[in-house]
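User: I would like to learn how to read the main features of a structure such as this one, beginning with the model itself.

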Amino acid sequence: MWTQPKLTGEGRVRVGHSMTAGDKPGEIWVLGGTMGAATVLDVQILNIETESWTTPLLDGAPPEARSRHTSNKFAEFIYIFGGGDNKKLFNDVWALDFTRRIWSPITTTGTPPSPRWGHTATLVDHRLFIFG
């Protein structure tokens, strides 16, 4: 049976965001998206055990605001790829360190995928496969 929990805190209404399991049990990290006419890259955490929203304090220069990107958890990081802001598309990779709560750009080798949004990304072992 479906039920709607009574959440505390303030979850922001958005579309085009990504959601990724957190580093602690019961945490779901929500990243970016579009709120009304604005594209954002804020981060919120939904704790499904305590039924509460929080906004973590993060360090480091964050990536540009984006929507329709992908996020994948690997070890103590969330990796985001691509997305767009209605003016341009991205093909960059960023990591958000759960432990230190800091953003870092990732320098990759080889030929990167073309800029895109609305794609999917699947992590298999140590490789991130981009589709679409």
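This is a predicted model: local features need pLDDT of at least 70, side-chain atom pairs count only at pLDDT 80 or more; totals for chains, interfaces and linings use all residues.

User: How many helices and strands does the chain have?
Analyst: Helices (H or I, at least four residues) and strands (E, at least two) are DSSP runs, numbered from the N terminus. Here the chain has zero helices and ten strands.

User: What does the radius of gyration say about the chain?
Analyst: This radius is taken over C-alpha atoms, and the globule rule is 2.2 Å times the number of residues to the power 0.38. For 132 residues a compact globule would have a radius near 14 Å, and the chain agrees, with 15 Å; its C-alpha atoms fill a box of roughly 45 × 35 × 35 Å along the principal axes.

User: How are residues classed by accessibility, and is N86 buried or exposed?
Analyst: Buried means under 20% relative accessible area, exposed over 50%, and partly exposed in between, with a 1.4 Å probe and protein chains only. Of the 132 residues, 37% count as buried, whereas N86 counts as exposed because its relative accessibility is 56%.

User: Where is N86 placed, and what is its phi?
Analyst: N86 is in the loop between strand 6 (77–81) and strand 7 (93–97), and its phi is positive, about 70°, although N86 is not a glycine. R101, also not a glycine, has a positive phi of about 55° and is found in the loop between strand 7 and strand 8 (102–106).

Note on methods
Residues are numbered from 1 along each chain as its sequence is written. Side-chain values use heavy atoms; hydrogens and water are left out.
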